[in-house]
Amino acid sequence: MANDADRTIHAAHINDIHNVPIRILIRPIIPVLDEDKVNSLMETIKDESTQNQVPPLDILWITGREGGDYYYSFGGCHRYEAYKRLGLETVPCKLFKSTVDDLKTYLGASCPDLL
Ligand SMILES: Nc1ncnc2c1ncn2[C@@H]1O[C@H](COP(=O)(O)OP(=O)(O)OP(=O)(O)O)[C@@H](O)[C@H]1O
């Protein structure tokens with residue numbers, strides 16, 4: 001049985017991991033990165049025997065008024081950067097179906113008008 005302490009609140013009941021194209025992820029927050037950590041993660045991800053040690057990113061999946069899908073990503077800054085620098089097309093993600101109200105709790109007045 002999985003250890004609940006290893007899971008975030010968002011992903012606690014979501015088990016499916018999807019390979020999501022990195023180009024469709026919306027990341028509104030500019031991270032402050034620890035370069036050593038990004039490099040170390042790149043090494044771990046590159047090696048097939050260790051890449052499963054890196055947990056998937058948690059994504060807020062929001063459907064807009066016109067039916068479009070928006071994939072917001074907040075945490076996982078170092079993992080995201082490592083996948084991006086490796087030139088990988090997709091990133092393992094857990095999708096959490098969310099609403100614009102959820103998004104507002106992250107973005108406040110910067111929240112886009114999706115609904
Ligand atoms: N070489 C590695 N360096 C750092 N973390 C690693 C490495 N290999 C596996 N991991 C795992 O990857 C995850 C990294 O998550 P962590 O919260 O530290 O950073 P992040 O979420 O990518 O960035 P941030 O917390 O800044 O948004 C951890 O679960 C850690 O155990």
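Me: What do the buried residues of α2 pack against?

Reply: They pack against α1 (35–46), β3 (57–63), β4 (69–73) and β5 (90–98). Keep in mind that this is a predicted model.

Me: And which residues of α2 are the buried ones?

Reply: Helix α2 covers residues 77–85, and its buried residues are His-78, Arg-79, Tyr-80, Glu-81, Ala-82 and Tyr-83.

Me: OK, and His-78, buried or exposed?

Reply: His-78 counts as buried because it has 20 C-beta neighbours inside 10 Å.

Me: What do Cys-77 and His-78 touch?

Reply: Leaving aside neighbours within four places in sequence, Cys-77 is in contact with Pro-31 and Leu-33. With residues up to four places away not counted, His-78 touches Leu-33, Asp-34, Lys-37, Val-38 and Leu-41.

Me: Where does UniProt place the "binding site" feature?

Reply: The UniProt record, an unreviewed entry, puts "binding site" at Gly-76, Cys-77, His-78 and Arg-79.

Me: Now the ligand. Which residues surround it?

Reply: Around the ligand are Lys-37, Ser-40, Leu-41, Thr-44, Gln-53, Val-54, Pro-55, Gly-75, Gly-76, Cys-77, His-78 and Arg-79.

Me: Which element gives the largest share of that shell?

Reply: That's α1, with 4 residues. Helices α1 and α2 each supply at least two residues of the shell.

Me: How many of the shell residues are nonpolar, polar and charged?

Reply: The shell has 4 nonpolar, 6 polar and 2 charged residues.

Me: Switching topic: in the largest nonpolar core, which residues touch the most other members?

Reply: The core has 14 residues, and Leu-57, Ile-59, Tyr-83, Val-91 and Cys-93 touch the most other members. At least two residues of this core come from each of α1, β3, α2 and β5.

Me: Tell me about Cys-93. What is it in contact with?

Reply: Setting aside its neighbours within four places in sequence, Cys-93 is in contact with Ile-17, His-18, Val-20, Pro-56, Leu-57 and Ile-59. Two of these, Leu-57 and Ile-59, are also named among the core residues that touch the most other members.

Me: Last one: what happens just after α2?

Reply: Gly-87 sits there and takes a positive phi of about 75°.

Notes
Residues are numbered from 1 along each chain as its sequence is written. This is a predicted model: local features need pLDDT of at least 70, side-chain atom pairs count only at pLDDT 80 or more; totals for chains, interfaces and linings use all residues. A residue is buried if 20 or more other C-beta atoms lie within 10 Å of its own, exposed if 12 or fewer, and partly exposed in between; C-beta atoms are placed from the backbone. Two residues are in contact if their C-beta atoms, placed from the backbone, lie within 7 Å. A nonpolar core is a set of buried Ala, Val, Leu, Ile, Met, Phe, Trp, Tyr and Cys residues joined through C-beta atoms within 7 Å. UniProt positions are given in the numbering used here, feature names are shortened, and annotations may be inferred rather than shown by experiment. A residue is near a molecule or strand if its C-beta atom, placed from the backbone, lies within 6 Å of it. Ala, Val, Leu, Ile, Met, Phe, Trp, Tyr, Cys and Pro count as nonpolar, Asp, Glu, Lys and Arg as charged, and the others, Gly among them, as polar.
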